[in-house]
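I'll jot things down as I look them up.

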Amino acid sequence: LGTCKKRLRDFLSGGEARSEPAERPAKCRRRDGKLSLQQLRAAFEKSDADKDGKINKRELIKACREHAEIAQLFQLPQQIRQEDGSRDCFEGFFQGIDVDGNREICWAELLAHYRHRLSEF
């Protein structure tokens, strides 16, 4: 099985739960409010511009820029710039979800990352 399918299977069976997100610098730390599965799925689908089932860095940066609600849900700035530190926060966020290191986030990776925040679980 591909990494994303395996992670989704593990998630649905209750295995391989990701307990806590990786530690981030203070200015990049996230609040842990609840969100719904529908909110997360809608943000994923809006961010997946080419509808290939994966979000790359360019797609996520563009989605945050064009949709304030996506930036807010992922707790990222709408404008991500190299010079002001927002790019470092973005990179930490993205790499914390992209566990297989293929530079794309699939639905299973996003779901596993946010499992602790979903109100349905």
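Where is Arg103 found? I traced Arg103 to the loop between α5 and β2 (104–106). Its phi is near 65°, a positive value in a residue other than glycine. I noted that down since most residues other than glycine have a negative phi. Arg103 counts as exposed, because its relative accessibility is 61% and the cut-off is over 50%.

Gln75 went on the list too: it isn't a glycine, yet has a positive phi of about 55°. I found Gln75 in the loop between α4 and α5. Is Gln75 buried or exposed? Gln75 counts as buried, because 16% relative accessibility is under the 20% cut-off.

A check on confidence: this is a predicted model, with a mean pLDDT of 84 for the chain. I see that 73% of the residues reach 70 or more. Over residues 17–27 pLDDT stays under 50, and I'll keep that in mind.

Next I went to helix α3 (residues 57–66). Its buried residues are Glu59, Leu60, Ile61, Ala63 and Cys64. I looked up what covers them, and the list includes α2 (37–47), β1 (54–56), α4 (68–73) and α5 (86–97). At the N-terminal end of α3, Asn56 is the cap, with a side-chain oxygen 3.1 Å from the backbone nitrogen of Arg58.

Last entry, the largest nonpolar core. It has 25 residues, and Leu40, Leu60, Phe74, Leu110 and Tyr114 touch the most other members. Two or more residues each come from α2, α3, α4, α5 and α6 (107–114). I followed Leu110: beyond four places in sequence, its contacts are Leu40, Phe44, Phe74, Ile97 and Ile105.

Note on methods. Residues numbered from 1 in each chain as written. Predicted model: local features only at pLDDT ≥ 70, side-chain atom pairs only at ≥ 80, totals over all residues. Heavy atoms only, no water. Buried < 20%, exposed > 50% of the residue type's maximum accessible area, 1.4 Å probe, protein only. Helix = DSSP H or I, 4+ residues; strand = E, 2+ residues; numbered from the N terminus. Contact = heavy atoms within 4.5 Å. Polar contact = N/O pair within 3.5 Å; in protein donor to acceptor, adjacent residues only side chain to side chain. pLDDT = per-residue confidence, 0-100. Core = buried A, V, L, I, M, F, W, Y, C linked by side-chain atoms within 4.5 Å.
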